[in-house]
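Subject: Structure handover

Hello,

Here is the structure for your files. My notes on the sheets follow below it.

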Amino acid sequence: MSGISRRRALTVLAAGVAAPAVGGPTPARWHGRAFGAEAQITLHGMGQAALARVPELLDQIEAAFSLYRESELVRLNREGRLAASPRFAALLGPSEQVWQATGGRFDPTVQPVWRALALGERVDRQGIGWEKLRIDRQHVRLAPGQALTFNGIAQGWAADAVTAHLRANGARRVLVDMGEPLATGGPFRIGLLDPELGLHGWRSLSDGALATSSPAAMSLGTEAHILDPRAERRPLWSSVTVEAETGWQADGFSTGFIHMTEAEIAAVLHGVGGLRRVVLVTLAGEVKTLAS
């Protein structure tokens, strides 16, 4: 669930082909980079001037959550404690919500295991467990052996922040694609892709987000890059696509669902507000759709 490579894979696998489903004037477009991968925005109508401020906003978000530059997250992992900025603190609640709802299958404390596997080092799981964190308002303290990664949720959260910025500046029809497409207005036509099956469907997206996670996007030795924090299960799905009201929900739950059974996923889908639909591709290439 960590690393730039996962982000790049999602850009290819989750976004598919995104195009406006209705005609009209030529939209404004922005292309750039976020969390080490390509990002783009398609915007219709008012709010186009706000596109110029998107790079600054993304830079501020990466200054909080990136693992690949000096950031609040890097300082927390290095020093074990952090007086978090409001932006950093704002992602702690959503992360805990996904952790709780998935029974710990989504857990940002998996970072030390991910790093050890990536470097071929001995794996030590003593720090695994979001419940071991100490969070007092905006002060965060890690337990011994802990380090965090938000790369299974931060991209979706960033898409939410960019969309909110554009809407506050008058945008009414916009698609923010950071690997996890997030639409306001629409509809936009989004292709669903699986690394083995290829293009297997389309979604018409309006006022919501899609995110796809796939273990095949990257390997860590003999392990898939999306790890089960409990070390109990290998990935159960070739890919999982989640449609939700927000980017952070789509991103976080698509990560956690990789190691959950169909029955477990269905229970979360019906029990958590904001989740709309889950498309599962089995390891044998069968496509299953669950709706809330």
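Which residue in β11 is the bridge partner of Leu 182? Ala 209 is. The strands involved are β8 (residues 182–184) and β11 (residues 208–213), which pair in the antiparallel sense over 2 bridges.

Some ground rules. This is a predicted model, in which local features need pLDDT of at least 70, side-chain atom pairs count only at pLDDT 80 or more, and totals for chains, interfaces and linings use all residues. Residues are numbered from 1 along each chain as its sequence is written, and side-chain values use heavy atoms, with hydrogens and water left out. Strands (E, at least two residues) and helices (H or I, at least four) are DSSP runs numbered from the N terminus. Two strands pair if DSSP finds at least two bridges between them. Contact means heavy atoms within 4.5 Å. Axes are lines fitted to C-alpha atoms, for helices over the stretch in contact; angles run from 0 to 180 degrees between N-to-C directions.

**Eight-strand sheet**

8 strands form an open antiparallel sheet, ordered β2-β3-β7-β8-β11-β14-β15-β16. Twist averages 10° from one strand to the next. Helix α2 (residues 54–65) lies across β2 and β3 (37–44), at about 25° to β2. Helix α8 (residues 262–271) lies across β15 (275–281) and β16, at about 165° to β15.

**Three-strand sheet**

3 strands form an open antiparallel sheet, ordered β4-β6-β5. β4 (81–83) and β5 (134–136) each have a single partner strand, so one side of each lacks a neighbour in the sheet. β4 joins β6 (residues 139–141) through 3 bridges. Leu 82 stands opposite Val 140 in β6.

Best regards
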